[in-house]
Amino acid sequence: QLQASGGGLVQAGGSLRLSCAVSGRPLDSYAMAWFRQAPGKERENVAVISWNVLRTSYADSVKGRFTISRDNSESTVYLQMNSLKPEDTAVYYCAASTAWTIREVGYQYWGRGTQVTVSS
């Protein structure tokens, strides 16, 4: 089970940190990712982190502003979001995959989303 939290309303230029708590399975078996879906748009990959933290991937739109991290001992994955922009407004989802991938179809487990709203 994946539970995302930490969303909210923030002004442009502000920061938020999302958390994804994983229960029921060992976190270090999975690559973890954050996806987001804005109103009227398809869900898109934001960031991915490998099970051993050695590999990360970011969407071009968030590079240099967002950082994905994980603490396997705490079974938690984080997304630190800085310099937020109105176009970052979306529902953010965490997901787990048994293999490294940025493709939504490759993720077997999903949490409920958390809303992030960035005002201009």
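## Two loops with positive phi

Serine 75 is found in the loop between E7 and E8, where strands (E, at least two residues) and helices (H or I, at least four) are DSSP runs numbered from the N terminus. The phi of serine 75 is near 55 degrees, a positive value in a residue other than glycine. Valine 53 also has a positive phi, near 70 degrees, and lies in the loop between E5 and strand E6 (56–58). With a relative accessible area of 44%, valine 53 is partly exposed; buried means under 20%, exposed over 50% and partly exposed in between, for a 1.4 Å probe and protein chains only. For context, most residues other than glycine have a negative phi.

A word on the model: it is predicted, so local features need pLDDT of at least 70 and side-chain atom pairs count only at pLDDT 80 or more, while totals for chains, interfaces and linings use all residues. Residues are numbered from 1 along each chain as its sequence is written, and side-chain values use heavy atoms, with hydrogens and water left out.

The structure holds four aromatic pairs, counted when ring centres of Phe, Tyr or Trp (its six-membered ring) lie within 6.5 Å; planes under 30 degrees apart are stacked, over 60 edge-to-face and the rest tilted. In one of them, the rings of phenylalanine 35 and tyrosine 107 have centres 5.3 Å apart and planes at 75 degrees, so this pair is edge-to-face. Phenylalanine 35 lies in strand E4 (residues 31–37) and tyrosine 107 in the loop between strand E9 (90–97) and strand E10 (109–110), so the pair ties together parts 72 residues apart in sequence. Phenylalanine 35 is buried at 1% relative accessibility, and tyrosine 107 is buried at 5%.

Phenylalanine 35 also pairs with tryptophan 110: the ring centres are 4.9 Å apart and the planes at 50 degrees, so the pair is tilted. Since tryptophan 110 lies in strand E10 and phenylalanine 35 in E4, this pair ties together parts 75 residues apart in sequence. Tryptophan 110 is partly exposed, at 27% relative accessibility. Together, Phe35, Tyr107 and Trp110 form one aromatic cluster.

## Arginine 43 over two rings

Arginine 43 brings a charge to this part of the story. Its charged end sits over the ring of tryptophan 110, 4.0 Å from the centre; the criterion is NZ of Lys or CZ of Arg within 6 Å of the ring centre and within 35 degrees of the ring normal. Arginine 43 lies over the face of tyrosine 93 as well, at 4.7 Å from the ring centre.

## Two nonpolar cores

The largest nonpolar core has 30 residues, and those with the most contacts inside it are Met32, Trp34, Leu79, Met81 and Tyr92. Such a core is a set of buried Ala, Val, Leu, Ile, Met, Phe, Trp, Tyr and Cys residues joined through side-chain atoms within 4.5 Å. A second, separate core of five residues includes Ala33, Phe35, Ala95 and Tyr107.

## One disulfide

A search of the whole structure finds one disulfide, defined as a pair of cysteine sulfur atoms within 2.5 Å. It joins cysteine 20 to cysteine 94, with S to S at 2.1 Å. The torsion about this S-S bond is about 65 degrees, so the disulfide is right-handed. Cysteine 20 lies in strand E3 and cysteine 94 in strand E9, so the bond ties together parts 74 residues apart in sequence. Cysteine 20 is buried at 0% relative accessible area, and cysteine 94 is buried at 1%.
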